[in-house]
Amino acid sequence: MNELIVILVSAFLLFAITLWKRKSPANLREIPALTRLYRTLGLSIEDGTRLHVSLGNGSLLDARGGSALAGLALLRHIAERTSVSDKPSVASAGDPTLGLLTQDTLQAGYQAAGVQELYVPTSGRVTGLSPFGYAAGAMSILQNENISANIIIGHFGPEAGLLIEASDRENMVLIGASDELSGQAVLFANTQDALIGEELFAAGAYLGAGASHIASLTLQDILRWFLILALLGGAAAKLIGVI
Amino acid sequence: MRVFTAVIAIAAGTLVLGGYFLPALAPVQTLLLNWATILAGVAVLVGIFNLVSVHSDKIRRHEKGNAYSALLLMALIVTFLFAMILRPDHIIMKIALSGIIIPVEAALMGLLTISLLYAAIRLLRRRAELMSIVFLITAALLILGSATLPFGNIPVIGTFIRPWITQVLALGGARGILIGVALGALTTGLRVLFGADRPYGGN
């Protein structure tokens, strides 16, 4: 029942903070990778080059779904902004259900931009069903489709290294985030500004995806403070022999 | 239509979540999860059609790398036909799996090892800062501490520093990162449950 209480309180807080954030402007700390992502979006439209969003192989039917949903939220925003470009964005997924939602999200982005007729279903692709198979398929997109920036966001393990290597070889801008620790280590060692931990879920808020995204960040901070206090309180209680 | 899909998605999400806490909703939760599993199976077929359509387009338009697309489609068709005729648990299909797919993935893993080593060497050139130095020193200590040597573990590094880094520093850091990821996943899930994010059609 404790979990239910946490979920209900979180839901209430998210709702309340969303309403509040609609009225007051957000004050977000600077995350260099997300600033670069914002700039890259504008540059790719001017250059007439393509963006590739790698959504990884997170299934929506298990615990990895959170990062996949965060990737889709970012993709929705990118699709809307780049849909009128000469070379619209391409997205790849390593899970079939995620692949279906990728196409749906891209289409929603085109609809929101008012250019639904420009949407091409093959711009959302399933490139493989295993982590390395997915990476191998996505590498082929990076090498052959005039991509200027590769945005890696979702569930990635060490196979992210192959995508990074392919992006480096083509001199692309690279922005990476993963919910997997091994993937984060690879991204940290290989990219200029990797997104670590929960920064993966902040992309939408930084790109102006709406008040609910900013409210999510505030709620995460509140919950984090509660956890810190609980951990410190627990340690202190153990130290003095209460528990 | 958009409102209709949102109502269905929110209702299904709420029922599945409720099934974890209210026993009365458990049968509905099981039913919905079974449907989701069946739909995920169908999605594999849709994913394969997507793959075929992308690579057929590449071949038709004579795009760069179309020879690989042709090879992929041929391999897909041949494997599919053989699996249909012989059934997936036939010895030839098992040989195809253990003789082609597993070695190819192992080769990619080997390639990755080299590219990660190269990336580690280039790390300081890419980002000359304190954390990069800490990262490299930690990696070097862990490799030295884990190395299998004829005389056993390297004293201090193998017996004290490596276990202390992996079981205290790294474990604490990993838990911190995972708590952050879990909180992010929770709020993202709630946004989808509220219908604020709708990755299932419409905006």
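What follows is a conversation about how terms are applied to a predicted model of two chains, A and B.

Trainee: What makes Asn146(A) exposed?

Mentor: Count its neighbours. Asn146(A) has 12 other C-beta atoms within 10 Å. A residue is exposed if that count is 12 or fewer, so Asn146(A) qualifies.

Trainee: Where is Asn146(A) found?

Mentor: In the loop between α5 and β4 of chain A. Asn146(A) follows α5(A).

Trainee: Which loop holds Val156(B), and what phi does Val156(B) have?

Mentor: Val156(B) lies in the loop between α5 (130–146) and α6 of chain B. Its phi is positive, about 70 degrees, and Val156(B) is not a glycine.

Trainee: Why does Val156(B) count as exposed?

Mentor: Val156(B) has 10 C-beta neighbours inside 10 Å. The cut-off is 12 or fewer, so Val156(B) counts as exposed.

Trainee: Why is Ala120(B) called partly exposed?

Mentor: Ala120(B) has 16 other C-beta atoms within 10 Å. Exposed needs 12 or fewer, and buried needs 20 or more. A count of 16 falls in between, so Ala120(B) is partly exposed.

Trainee: Where is Ala120(B), and what does Ala120(B) touch?

Mentor: Ala120(B) sits in helix α4 of chain B. Leaving out residues up to four places away in sequence, Ala120(B) touches Ala189(A), Leu136(B) and Ala139(B).

Trainee: How far from Ala120(B) is Ala36(B)?

Mentor: They are 84 residues apart in sequence. In space, their C-alpha atoms are 42 Å apart.

Trainee: How do you know that the span of helix α1 of chain A agrees with its number of residues?

Mentor: Helix α1(A) has 22 residues, at residues 2–23. At 1.5 Å a residue, the helix should span 32 Å. Its end C-alpha atoms are 32 Å apart, so the two agree.

Trainee: What makes the buried residues of α1(A) line one face?

Mentor: The buried residues are Ser10(A), Leu14(A), Thr18(A) and Lys21(A). Seen down the helix axis, they fall within an arc of 75 degrees, so they line one face of α1(A). An α-helix has 3.6 residues a turn, so residues three or four places apart point the same way.

Trainee: What do those buried residues pack against, and which residues are exposed on the other side?

Mentor: The buried residues of α1(A) pack against α9 (211–239) of chain A together with α6 (157–194) of chain B. On the other side, the exposed residues are Ile5(A), Leu8(A), Phe12(A), Ala16(A), Leu19(A) and Lys23(A).

Trainee: What span does α5(A) have, against the expected one?

Mentor: The 14 residues of α5(A) reach 21 Å from first C-alpha to last.

Trainee: Which residues of α5(A) are buried, and what do they pack against?

Mentor: Among them are Pro131(A), Phe132(A), Tyr134(A) and Leu142(A). The buried residues of α5(A) pack against β1, β2, β4 and α6 of chain A, together with α4 of chain B.

Trainee: Which residues touch the most other members of the largest nonpolar core?

Mentor: Leu75(A), Ile153(A) and Leu163(A), in a core of 79 residues. The largest share of this core, nine residues, comes from α3(A).

Trainee: What is Leu75(A) in contact with?

Mentor: Neighbours within four places in sequence are left aside. The contacts are Val53(A), Leu55(A), Ala91(A), Thr102(A), Thr105(A) and Leu106(A).

Trainee: How many residues of the two chains are in contact?

Mentor: 55 residues of chain A are in contact with 49 residues of chain B. On the chain A side, the largest share, 10 residues, comes from α4(A). By class, that side has 29 nonpolar, 19 polar and seven charged residues.

Trainee: How far apart are domain 1 and domain 2 of chain A?

Mentor: The assignment gives domain 1 at 29–209 and domain 2 at 210–243. Their C-alpha centres lie 31 Å apart. Six residues of domain 1 of chain A are in contact with six residues of domain 2 of chain A.

Note on methods: Residues numbered from 1 in each chain as written. Chains lettered and ligands numbered in written order. Predicted model: local features only at pLDDT ≥ 70, side-chain atom pairs only at ≥ 80, totals over all residues. Domains from an automatic or database assignment. Contact = placed C-beta atoms within 7 Å. Helix = DSSP H or I, 4+ residues; strand = E, 2+ residues; numbered from the N terminus. Expected span 1.5 Å × (residues − 1). Arc of directions from axis to C-beta. Nonpolar A, V, L, I, M, F, W, Y, C, P; charged D, E, K, R; others polar. Core = buried A, V, L, I, M, F, W, Y, C linked by C-beta atoms within 7 Å.
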